[in-house]
Amino acid sequence: MERNFKKMQQTRTREILFINPHCQEFVRKIYPQIIPEYGDIANLHFSEFMLKSLKNGTLKVKKNSRIKVCYHDPCHLGRGLGIYDAPRILLSSLDGVELIEMERNKGNSFCCGARSINNYFQNFVESIARNRMGEFKEANADLLITACPYCKEGLENLSDDAEKGLVVDLIEFV
């Protein structure tokens with residue numbers, strides 16, 4: 001942590017960009033508790049960065065054909081960091097993309113199960129992932145988008161063969 005903190009200090013005038021919300025939550029919440037001089041180093045999840053870039057014109061996207069997507073809220077990004085809107089606004093801003101909410105979303109989203117108990121209760125984790133994929137199917141969307149590599153892996157790996165390729169990371173989609 002101290003070695004990472006020294007590198008972070010060198011970027012004081014910049015923002016640290018995170019792809020993994022687990023890491024971002026750890027840095028944002030735990031570093032200040034352990035490293036008193038941590039201070040407030042700005043950090044963004046890539047969904048916030050991409051939305052900011054889209055709004056200021058530095059990110060240009062191609063025109064898409066019509067596609068319906070659901071967005072799965074990663075636990076650490078949503079409940080952990082309070083980031084619910086940036087991924088949704090980003091998806092809704094893309095031409096041709098229709099965002100369809102699953103029944104459980106935002107603060108009431110259903111966990112993918114991938115990281116929390118994967119090593120201890122494998123059958124339970126598979127049940128959680130299948131349940132979430134069932135909610136996705138009920139929404140009748142083309143793709144399930146998430147903004148966490150663990151969620152993507154968990155939902156994708158524990159999905160039926162017919163569902164492979166339906167789970168996409170937001171950064172890959174954009």
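Buried is taken here as under 20% relative accessible area, exposed as over 50%, and partly exposed as anything in between (1.4 Å probe, protein chains only). The model is a predicted one, so local features need pLDDT of at least 70 and side-chain atom pairs count only at pLDDT 80 or more, while totals for chains, interfaces and linings use all residues. Residues are numbered from 1 along each chain as its sequence is written, and side-chain values use heavy atoms, with hydrogens and water left out.

Helix α2 is a handy place to start. Helices (H or I, at least four residues) and strands (E, at least two) are DSSP runs, numbered from the N terminus. At the start of α2, a side-chain oxygen of N20 comes to within 2.7 Å of the backbone nitrogen of H22. Further along, P21, Q24, E25 and V27 are the buried residues of this helix. Viewed down the axis of α2, they fall within an arc of 165° (taken from the directions from the helix axis to the C-beta atoms), so they line one face of the helix. In general, an α-helix has 3.6 residues a turn, so residues three or four places apart point the same way.

Q24, in α2 (residues 21–29), has a relative accessible area of 0%, so it counts as buried. With contact meaning heavy atoms within 4.5 Å, and residues up to four places away in sequence not counted, Q24 touches F18, N43, L44, H45, E48, L81 and I83.

As for aromatics, the structure holds 1 aromatic pair. The partners are F26 and Y31, arranged edge-to-face at 6.0 Å centre to centre with 85° between the planes. Rings of Phe, Tyr and Trp (its six-membered ring) pair if their centres lie within 6.5 Å; planes under 30 degrees apart count as stacked, over 60 as edge-to-face and the rest as tilted. F26 is partly exposed at 39% relative accessible area, whereas Y31 is buried at 3%. P32, in helix α3 (residues 31–34), is partly exposed at 35%. Neighbours within four places in sequence aside, P32 is in contact with V27 and Y38.

Now to the nonpolar cores, each a set of buried Ala, Val, Leu, Ile, Met, Phe, Trp, Tyr and Cys residues joined through side-chain atoms within 4.5 Å. The largest has 21 residues, and those with the most contacts inside it are V69, L91, L143, I145, L170 and F173. At least two residues of this core come from each of α4, β3, α6, β5 and α9, with α4 giving the most, 4 residues. A second, separate core of 11 residues includes C70, M133, L155 and V167.

Helix α6 (residues 85–93) has A86, P87, R88, L90 and L91 as its buried residues. Their cover includes α4 (46–56), β3 (67–72), α5 (76–80), β4 (97–99), β5 and α9 (170–173). L143, again leaving aside neighbours within four places in sequence, is in contact with I67, K68, V69, C70, F136, G165, L166, V168 and F173.

N140 has a phi near 60°, a positive value in a residue other than glycine, and is exposed at 56% relative accessible area.

Note on methods: A polar contact is a pair of N or O atoms within 3.5 Å; within protein, one must be able to donate a hydrogen and the other to accept it, and residues adjacent in sequence count only if both atoms are side-chain atoms.
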